[in-house]
Amino acid sequence: MSIVDNKKAFHDYFIEEKYEAGLVLEGWEVKSIRAGKVQIKEAYVVLRNGAFYLFGAHITPLTSCSTHVLPDPTRSRKLLLNQAEINKLIGKVERAGYTLTPLDMHYKTGRIKLQIGLAKGKKQHDKRNTERERDANREIQRAMKVKVR
């Protein structure tokens with residue numbers, strides 16, 4: 001069950017591979033995410049000290065948050081991946097010119113997971129071609145729908 005999608009990532013990047021990672025969250029963040037108050041459009045994934053961190057994800061604190069907790073909506077959050085995946089991603093990100101971008105935040109067996117994608121940037125003409133193909137497919141579907149009726 002998806003919580004939030006990052007549609008901008010599919011517009012700006014070619015997604016080569018997808019990985020699922022856990023997140024290290026605080027209690028108030030989990031409550032806010034369950035309430036749907038999360039934004040990952042401007043988020044990105046960075047390698048630091050042999051681990052991956054999510055930067056730029058905005059989790060709006062609830063008004064009913066505890067008084068002794070000082071929530072930081074845009075703090076960095078550690079991603080939980082196994083060591084084999086981390087080593088594989090480090091090699092591709094540092095050597096091959098790929099980047100990691102968050103694609104989707106969802107529930108899996110009651111836990112909040114983040115789907116990240118190994119991505120390569122699109123040029124402007126690639127974006128136009130993708131848009132042209134999408135519009136052509138939409139026209140085909142519309143014509144098929146009218147023909148069936």
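Trainee: Is strand β5 mostly covered or mostly open, and how do I tell?
Mentor: Start with the terms: a strand is a DSSP run of E, at least two residues, and a helix is a run of H or I, at least four residues, numbered from the N terminus. Buried means under 20% relative accessible area, exposed means over 50%, and partly exposed is in between, using a 1.4 Å probe and protein chains only. Here, 4 of the 5 residues in β5 (residues 51–55) are buried, so the strand is mostly covered. Keep in mind that this is a predicted model, where local features need pLDDT of at least 70 and side-chain atom pairs count only at pLDDT 80 or more, while totals for chains, interfaces and linings use all residues. Residues are numbered from 1 along each chain as its sequence is written, and side-chain values use heavy atoms, with hydrogens and water left out.

Trainee: Which strands does β5 pair with?
Mentor: Two strands pair if DSSP finds at least two bridges between them. Strand β4 (residues 44–48) runs antiparallel to β5, with 5 bridges joining them; L47 has F52 as its bridge partner. These two strands form a hairpin with 2 residues between them, and N49 in the turn has a positive phi of about 55°. Strand β7 (residues 77–80) is also antiparallel to β5, through 2 bridges, and L54 is partnered with R77 there.

Trainee: Which residues have the most contacts inside the largest nonpolar core?
Mentor: A nonpolar core is a set of buried Ala, Val, Leu, Ile, Met, Phe, Trp, Tyr and Cys residues joined through side-chain atoms within 4.5 Å. The largest one has 26 residues, and those with the most contacts inside it are F52, L54, L79, L89, M105 and I116. Among the elements that each supply at least two residues are β5 and α3 (83–95), while the largest share, 4 residues, comes from β9.

Trainee: Does K127 count as buried or exposed?
Mentor: K127 has 17% relative accessibility, so K127 counts as buried. K127 lies in helix α4 (residues 124–148). A polar contact is a pair of N or O atoms within 3.5 Å; within protein, one must be able to donate a hydrogen and the other to accept it, and residues adjacent in sequence count only if both atoms are side-chain atoms. The side chains of K127 and D12 make such a contact at 3.4 Å.
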